[in-house]
Amino acid sequence: MFERYQAWQIELEREPVQYMERLPELLAAARAELAAFVGAEPDDVTFVPNATTGVNMAARALDLREGDEVLASDLEYGGCDLTWEHLCAQAGARYVRVPVERLFEHRTDRTRAVFVSHITSETALLLPVEEIVARARAEGLTTIVDGAHAVAQLDLDLEKLGADFYAGNCHKWLCAPKGAGFLHVRPEWQDQVNGPIVSWGYTNPATFISRTERQGTRDAAAYLAIPEAIAFQRAHDVRERCVELARRARRELCALLGTEPLAPEEAIRQMATVQLPVADTDLSHRLFDEHRIEIPTMGPRRDDLLRISIAAYTEWEDVERLLVALPSALAR
Ligand SMILES: Cc1ncc(COP(=O)(O)O)c(C=O)c1O
């Protein structure tokens with residue numbers, strides 16, 4: 001897949017003029033395959049470099065006003081919290097972060113939108129987004145879902161989910177090259193969505209896709225490699241094995257650390273976060289330097305969580321290495 005990605009880059013450098021002419025058509029073909037993979041209409045999906053860009057575009061499209069409130073879980077990705085805090089501060093609006101179980105208790109008559117992750121970043125939990133989106137929409141609220149970790153960990157059906165905005169990354173669990181994200185937008189919102197910059201895509205007749213995808217001269221190879229990544233995923237689908245392994249790893253890690261699981265097992269997919277007995281800002285460095293195990297403690301807000309990720313190439317022996325290394329790495 002990486003070879004395909006680089007082949008697209010070489011093609012651009014060899015024949016830039018031809019390539020740029022063909023680009024809209026090439027992107028449309030890649031977009032159609034991505035749309036089929038995530039259960040969406042091709043015209044409702046636009047390529048963006050990453051989920052953060054998608055969340056930013058969605059947040060700006062809301063055109064928040066003074067007094068408005070945006071309700072979010074307190075498990076959201078820090079970079080996206082900053083997006084909302086910044087835009088809310090600019091508008092005189094409020095970003096309200098609350099425990100996900102009590103999300104709707106904090107709804108007021110000023111609440112405009114609900115923002116939640118499909119799978120959370122630090123705590124690696126699958127949230128009940130179907131229920132949250134359905135309830136929010138029934139209450140007339142706009143829904144923005146951060147699906148950065150969901151693509152390829154879950155079978156997505158974005159049409160059925162019905163969120164107003166869904167931002168995703170193909171460069172995480174789908175293993176596409178970095179820079180391969182997307183934003184899915186329901187048709188009724190598309191006119192309000194702008195690209196991060198204004199460029200040729202705004203020439204009449206401008207469309208949602210042209211405005212958001214024509215962003216000056218860029219390397220589109222990561223987007224064009226997505227179909228190859230999808231084909232690879234379809235041919236080598238070992239997700240259920242990974243989920244079992246992640247759940248087993250979580251059980252054994254909790255037993256080893258003497259800490260309680262953060263949530264029921266059903267909320268675990270291919271990532272699992274466990275509570276450390278004490279916060280430890282240096283643990284992940286020690287695990288890497290001394291044991292060649294790459295695993296993050298989650299920060300900057302919390303260094304008392306350790307998150308494991310189980311990919312197609314991860315074996316139980318890898319988890320065992322962690323289980324053996326942890327007691328001495330923690331003891332310092
Ligand atoms: C839940 C969540 N949202 C958003 C992001 C940001 O992804 P990106 O940097 O690709 O925009 C991450 C990154 O880990 C994440 O975990």
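Helices here are DSSP runs of H or I with at least four residues, strands are DSSP runs of E with at least two, and both are numbered from the N terminus. With that in hand, let's tour some close-ups of this predicted model.

**View 1. Asp 63 sits in a loop and has a positive phi.** Which two elements does the loop with Asp 63 lie between? They are helix α3 (51–61) and strand β2 (69–73). The phi angle of Asp 63 is about 50°, a positive value, although Asp 63 is not a glycine.

View 2. Pro 205 belongs to the loop between β7 (181–185) and α7 (208–213).

View 3. Now zoom in on some individual atoms. In the side chain of His 171, an N or O atom is 2.9 Å from an oxygen atom of the ligand. For Lys 172, a side-chain N or O atom is likewise 2.9 Å from a ligand oxygen. His 149 has a polar side-chain atom that lies 3.0 Å from an oxygen atom of the ligand. On its own, the ligand has 400 Å² of accessible area, and the protein covers 87% of that.

**View 4. Helices α11 and α12 cross each other.** Two packed helices are described by the angle between their axes and the distance between the axes. Here, the axes of α11 (residues 283–291) and α12 (residues 316–331) come within 10 Å and cross at roughly 120°. Is the crossing left-handed or right-handed? α11 passes α12 in a right-handed crossing. From α11, the contact uses Leu 283, Arg 286, Leu 287 and His 291. From α12, the contributors include Arg 321, Leu 322, Ala 325 and Leu 326. By class, the contact has 7 nonpolar, 2 polar and 2 charged residues.

**View 5. Glu 130 lies in helix α5 (residues 129–138).** Leaving aside residues up to four places away in sequence, which residues does Glu 130 touch? They are His 118 and Leu 161. Find Lys 160 too: along the chain, Glu 130 and Lys 160 are 30 residues apart, and their C-alpha atoms are separated by 8.9 Å.

Notes:
Residues are numbered from 1 along each chain as its sequence is written. This is a predicted model: local features need pLDDT of at least 70, side-chain atom pairs count only at pLDDT 80 or more; totals for chains, interfaces and linings use all residues. Side-chain values use heavy atoms; hydrogens and water are left out. Axes are lines fitted to C-alpha atoms, for helices over the stretch in contact, and angles run from 0 to 180 degrees between N-to-C directions. A crossing is left-handed if the near helix is turned anticlockwise from the far one by less than a right angle, and right-handed if clockwise. Contact means heavy atoms within 4.5 Å. Ala, Val, Leu, Ile, Met, Phe, Trp, Tyr, Cys and Pro count as nonpolar, Asp, Glu, Lys and Arg as charged, and the others, Gly among them, as polar. A polar contact is a pair of N or O atoms within 3.5 Å; within protein, one must be able to donate a hydrogen and the other to accept it, and residues adjacent in sequence count only if both atoms are side-chain atoms. Accessible areas come from the Shrake-Rupley method with a 1.4 Å probe; for residues, only the protein chains shown count as cover.
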